[in-house]
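Me: I would like to go through some labels and check each against its criterion. Please start once the model is shown.

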Amino acid sequence: LQIIVTILNENDNSPEFQQTNFTEVVPEDTKVNSTIIAREELSASDADLDIIYYELTTTVPATDGYFAIKGVNNPEIYLQKALDYEKFKWTTLILYARDRPVSSTEPTNTASATINIIIEQADTKPPWFLPCTFVNEERSICISSLYAGRVNMSELATEPLVLEPGPIYAIDPDYTINERITYSIVGGNTDNVFSMDADTGNLTMNKPATSPDSYLLQVMATQVNNIQKYSIASVEIKVINKSNHAPYFESSIYNGTVFVNQAPGSFVFQAEHPSSPLRITAVDDDFPDV
C-alpha cells in the first residue's frame, strides 16, 4: 500500500528583520521623495513563506507625515515632506512586519524594527544682521533694524564709528555650521568717505565729510563659503556741525515786574524798563549768527 502524506504549512513563525535597530543621519535639505533606507535593508523574512505586510508609525509627537514607506509590501522608507531643523531635530520610527494584512481576523505574527532619525542642519539660511526681529512663528526669518550714527562736518574720526542700536554684526543662523562672514559696503558711499573692515564690520572714515547731507550706506554680509548667501542692511550716517561750546545765558540775573491781579498770560515786564517785556535769551558761540 502506497501512502502519500502532504505536510500542510502552519503559520507558526513570526517575520524576522535582519536588523532591528537603525540610526540614520538625514541632512535638513534632503529632497522630498529621496530614499532614506533602502528596501533591501528593511525587508523581513518569514520561515512560513508568507507574504509580509508592513506598517510605519512615528513615536515622537509632531513629527508624523515626514517619513513613509513605498507600499504595504515595500518597506523602503522615503522622505515625504521637506524637513526643517527648527521644527524638530530627531524622531523615532517603528516599522512593523506582519504575515497577515492589518485588517485580517486570522492569527497574525508580528515583528518590529526601530529606526532613529537624526536631522542634520544644512546651510539653508543667509546671514542675519543683529539685532533683528522675527517675523514668523517658525523664527526662520529675522529682519534687522536700521543702524544709525553721526559724524562731525569736516572732521576725520580716527576710531570706528559708534552706531545704534549696536555695532554692525551678522551671524550664520545655521548655528551648527556657523560659516565665517565678511562685510562690505555696496552702496551709498558717496565720495568714498567710509570704509569697512571685512572681518569685523567696523565702519571707519577715509576722509572728512564736507557735505551736510546724510549718508545711507548699504552694507552686505556674505558667507565666505558661498557668496550667494548674503544679506543687506542699511546704515544712516548723519553729518552734523561740531559743537565746541555750551550755550549760555546773556545775563546771570533777570529782573521782572508783575502787577497784582494780573491776568494769566500777561507779559512780565523788565524791572528797569516797565514798558518793555522781559526776554530771557541764550547764545551759542558755535552759531554766532543765530
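Reply: This is a predicted model. I7 is a place to start: its relative accessibility is 72%.

Me: Why is I7 called exposed?

Reply: Exposed stands for over 50% relative accessible area. I7 has 72%, so I7 counts as exposed. I7 lies in the segment before β1 (16-17).

Me: Which residues make a nonpolar surface patch with I7?

Reply: L1, I3 and V5 make the patch together with I7, and its area is about 580 Å². Nonpolar side chains are joined into a patch within 5 Å, and each residue needs over 30% relative accessible area.

Me: What makes F134 partly exposed?

Reply: The limits are under 20% for buried and over 50% for exposed. F134 has 31%, which falls in between, so F134 counts as partly exposed. F134 belongs to strand β11 (residues 132-134). Leaving out residues up to four places away in sequence, F134 touches W128, R139, I141 and C142. Y54 is 80 residues apart from F134 along the chain, and their C-alpha atoms are separated by 42 Å.

Me: Which residues have the most contacts inside the largest nonpolar core?

Reply: They are F67 and I77, in a core of 26 residues. β2 (21-27), β3 (35-37), β5 (53-58), β6 (67-71), β7 (74-79), β8 (90-98) and β9 (110-120) each supply at least two residues of this core. The largest share, 5 residues, comes from β9. In soluble globular proteins, nonpolar side chains tend to be buried together.

Me: What does I77 touch, not counting residues up to four places away in sequence?

Reply: I77 touches S34, T35, I36, I37, L42, L56, F67, A68, I69, L93 and I115. A second, separate core has 23 residues, including I181, F194, Y215 and V235.

Me: How do you know that F194 and Y215 are buried?

Reply: Buried means under 20% relative accessible area. F194 has 1%, so F194 is buried. Y215 has 7%, so Y215 is buried as well.

Me: What makes F194 and Y215 an edge-to-face aromatic pair?

Reply: Two values decide it. The ring centres are 5.1 Å apart, and the limit for a pair is 6.5 Å. The planes are at 85°, and over 60 degrees counts as edge-to-face. F194 is in strand β16 (residues 194-196) and Y215 in strand β18 (residues 215-223), so the pair links distant parts of the chain, 21 residues apart.

Me: How many aromatic pairs are there, and why is the one between Y66 and F88 called edge-to-face?

Reply: The count comes to 6 aromatic pairs. Y66 and F88 lie 4.9 Å centre to centre with 65° between the planes. The angle is over 60 degrees, so the pair is edge-to-face. Y66 lies in the loop between β5 and β6 and F88 in the loop between β7 and β8, so the pair ties together parts that are 22 residues apart in sequence. Both Y66 and F88 are buried.

Me: Why is the contact of E86 with K125 called a salt bridge?

Reply: A salt bridge needs a side-chain nitrogen of Lys or Arg within 4 Å of a carboxyl oxygen of Asp or Glu. The closest N and O atoms of E86 and K125 are 3.8 Å apart, so the pair qualifies. E86 lies in the loop between β7 and β8 and K125 in the loop between β9 and β10 (128-129), so parts that are 39 residues apart in sequence are tied together.

Me: What are the accessibilities of E86 and K125?

Reply: E86 is partly exposed at 27%, whereas K125 is buried at 8%.

Me: How many salt bridges does a search of the whole structure find, and what makes D123 and K229 one of them?

Reply: The search finds 7 salt bridges. The closest N and O atoms of D123 and K229 are 3.8 Å apart, and the limit is 4 Å. D123 is in the loop between β9 and β10 and K229 in strand β19 (residues 226-240), 106 residues apart. Both D123 and K229 are buried.

Me: Are R180 and D199 buried or exposed?

Reply: Both are exposed. Their side chains meet in a salt bridge at 3.3 Å, N to O. R180 is in the loop between β14 (170-171) and β15 (181-187), and D199 is in the loop between β16 and β17 (203-205). Elsewhere, salt bridges that share partners join D50, R100 and E106 into one network.

Note on methods: Residues numbered from 1 in each chain as written. Predicted model: local features only at pLDDT ≥ 70, side-chain atom pairs only at ≥ 80, totals over all residues. Heavy atoms only, no water. Patch = residues over 30% accessible without salt bridge, like charges linked within 9 Å, V, L, I, M, F, W, Y side chains within 5 Å. Areas by Shrake-Rupley, 256 points an atom, 1.4 Å probe, with all protein chains shown as cover. Helix = DSSP H or I, 4+ residues; strand = E, 2+ residues; numbered from the N terminus. Buried < 20%, exposed > 50% of the residue type's maximum accessible area, 1.4 Å probe, protein only. Core = buried A, V, L, I, M, F, W, Y, C linked by side-chain atoms within 4.5 Å. Contact = heavy atoms within 4.5 Å. Phe/Tyr/Trp six-rings, centres within 6.5 Å; stacked < 30°, edge-to-face > 60°.
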